[in-house]
Amino acid sequence: MANCIYCQCKAGLLKKTCQDCLEMLEVIKKLGDHFSFRELLDGLMATSVSNEKIEKFLETDINGQGSIRDMITARMTNDLARTMGQETDMSPQKVKTIRELEKKNPTPNDLPGHINPYRR
Ligand SMILES: [Zn+2]
């Protein structure tokens, strides 16, 4: 039996991803390129996957390039910066994770605001 690369549960023989995580990957795929964190969470919560597993899934760092949460955060920092000031269900721990990520990895594309056409 192999363990799921996302949640570490039993994925099944010769399987890298369990059914739950496949379902969550499908949700992310369906959301397309532009979605808010809230939309993502709503989509994931609409599955039969437990909240605990959703958390694990979002925090998984498979290839050393950041977790799914990190990747999504980097891609939609603009939306998130606005959302962080408004969303009351955003825990300090989540904000901290995002802050630490931005501190560690401040690429121009992650900066809030419109993309500066003059940047290199
Ligand atoms: Zn899994």
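Modeller: The discussion below moves from the overall fold to two individual residues. Please bear in mind that this is a predicted model.

Biologist: How many helices and strands does the protein chain have, and in what order do the elements run?

Modeller: The protein chain has six helices and two strands. Read from the N terminus, the order is β-β-α-α-α-α-α-α.

Biologist: What share of the residues counts as buried?

Modeller: Burial is judged by counting neighbours: a residue is buried if 20 or more other C-beta atoms lie within 10 Å of its own, and exposed if 12 or fewer do. Of the 120 residues in the protein chain, 19% count as buried.

Biologist: And what share of the contacts joins residues at least 24 apart?

Modeller: Taking contacts in the protein chain between residues at least 6 apart in sequence, 38% join residues at least 24 apart.

Biologist: Which residues have a positive phi although they are not glycines?

Modeller: Among them is Q8, whose phi is about 70 degrees. Q8 is placed in the loop between β1 (2-3) and β2 (10-12). Another case is L14, which is not a glycine and has a positive phi of about 60 degrees. L14 is found in the loop between β2 and α1 (19-31).

Biologist: Is Q8 buried or exposed, and is L14 buried or exposed?

Modeller: Q8 has 12 other C-beta atoms within 10 Å, and therefore counts as exposed. L14 has 7 other C-beta atoms within 10 Å, so L14 is exposed.

Definitions and conventions
Residues are numbered from 1 along each chain as its sequence is written. This is a predicted model: local features need pLDDT of at least 70, side-chain atom pairs count only at pLDDT 80 or more; totals for chains, interfaces and linings use all residues. Helices (H or I, at least four residues) and strands (E, at least two) are DSSP runs, numbered from the N terminus. Two residues are in contact if their C-beta atoms, placed from the backbone, lie within 7 Å.
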